[in-house]
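This briefing covers helix packing, the nonpolar core and a few individual residues. Please read it alongside the sequence and the model.

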Amino acid sequence: MTLLIMSFAAIVSTLIWYLNERARRNNISLLCFTYWGAALMWLVDAAAEYLEQGAKFFTPAVSDMVNDSFLGFSAVALGLVIWLVSVLFKDREHVFKK
């Protein structure tokens, strides 16, 4: 679930970066790189788990799926917080100076 959630967040943030000029000015590329890096990390983790568990990898328990979902959404929120702090410190549109 973490891989799925993070991949979805990476795709959405990349589409926003590609389609919106204002988002590019607000450094959404940091968010894209953060999400793609996390998705790549969880892809490697899933491959390692598959090599270790075999076919049992595809039948997780419900509690494991809930825990993985919570971890995935927490990672998305952490990425958003990191990006928001970056935007606030750079203040490209001089909102805080006004």
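The buried residues of helix 4 pack against helix 1 (2–19) and helix 3 (28–53), where contact means heavy atoms within 4.5 Å and buried means under 20% relative accessible area, exposed over 50% and partly exposed in between (1.4 Å probe, protein chains only). Helices (H or I, at least four residues) are DSSP runs numbered from the N terminus. This is a predicted model, in which local features need pLDDT of at least 70 and side-chain atom pairs count only at pLDDT 80 or more, while totals for chains, interfaces and linings use all residues. Residues are numbered from 1 along each chain as its sequence is written, and side-chain values use heavy atoms, with hydrogens and water left out.

**Helix 4**

- The buried residues in helix 4 are Ser69, Gly72, Val76, Gly79 and Ser86.
- Helix 4 covers residues 62–90, and its 29 residues should span 42 Å at 1.5 Å a residue; the expected span is 1.5 Å times one less than the number of residues. The end C-alpha atoms of helix 4 are 42 Å apart, which agrees.
- Asp91 follows helix 4 and has a positive phi, near 45°.

**Helix 1 against helix 4**

- Two packed helices are described by the angle between their axes and the distance between the axes. Here axes are lines fitted to C-alpha atoms, for helices over the stretch in contact, and angles run from 0 to 180 degrees between N-to-C directions.
- The axes of helix 1 and helix 4 cross at roughly 25° and come within 8 Å.
- Helix 1 and helix 4 are therefore roughly parallel to each other; angles under 35 degrees count as roughly parallel, over 145 as roughly antiparallel, 65 to 115 as roughly perpendicular and the rest as oblique.
- The crossing of helix 1 and helix 4 is right-handed. A crossing is right-handed if the near helix is turned clockwise from the far one by less than a right angle, and left-handed if anticlockwise.
- Helix 1 makes this contact through Thr2, Ile5, Met6 and Ala9, and helix 4 through Asp68, Ser69, Leu71, Gly72, Phe73, Ala75 and Val76.

**Helix 3 against helix 4**

- Helix 3 and helix 4 have axes 9 Å apart and pack at an angle of about 155°.
- Helix 3 and helix 4 are therefore roughly antiparallel to each other, and their crossing is right-handed.
- From helix 3, Ile28, Leu30, Leu31, Thr34, Tyr35 and Trp42 meet Leu71, Ala75, Val76, Gly79, Leu80, Ile82, Trp83 and Ser86 of helix 4.

**Helix 1 against helix 3**

- The axes of helix 1 and helix 3 cross at roughly 155° and come within 8 Å.
- Helix 1 and helix 3 are therefore roughly antiparallel to each other, with a left-handed crossing.
- Residues in this contact include Leu3, Met6, Ala10 and Trp17 of helix 1 and Leu31, Tyr35, Trp42 and Ala46 of helix 3.

**Nonpolar core**

- The largest nonpolar core has 12 residues: Ile5, Met6, Ala9, Ala10, Ala23, Ile28, Leu31, Tyr35, Ala38, Ala39, Trp42 and Val76. Such a core is a set of buried Ala, Val, Leu, Ile, Met, Phe, Trp, Tyr and Cys residues joined through side-chain atoms within 4.5 Å.
- Helix 1 and helix 3 are the elements that give two or more residues to this core, and helix 3 gives the most, with 6 residues.
- Trp42 is in contact with Thr2, Leu3, Met6, Leu71 and Ala75, leaving aside its neighbours within four places in sequence.

**Ser86 and Asn27**

- Ser86 lies in helix 4 and counts as buried at 14% relative accessibility.
- Ser86 is in contact with Asn27 and Leu30, leaving aside its neighbours within four places in sequence.
- Asn27 sits in the loop between helix 2 (21–25) and helix 3 and is buried, with a relative accessible area of 16%.
- Most residues other than glycine have a negative phi. Asn27 is not a glycine, although its phi is positive, about 60°.

- Leu3 is in helix 1 and counts as partly exposed at 25% relative accessibility.
- Leaving aside its neighbours within four places in sequence, Leu3 is in contact with Ala39, Trp42, Leu43 and Ala46.
- Asp45 is in helix 3 and is partly exposed, with a relative accessible area of 37%.
- The C-alpha atoms of Asp45 and Leu3 are separated by 9.0 Å, and the two residues are 42 residues apart along the chain.
- Leu3 and Phe57 are 54 residues apart along the chain, and their C-alpha atoms are separated by 14 Å.
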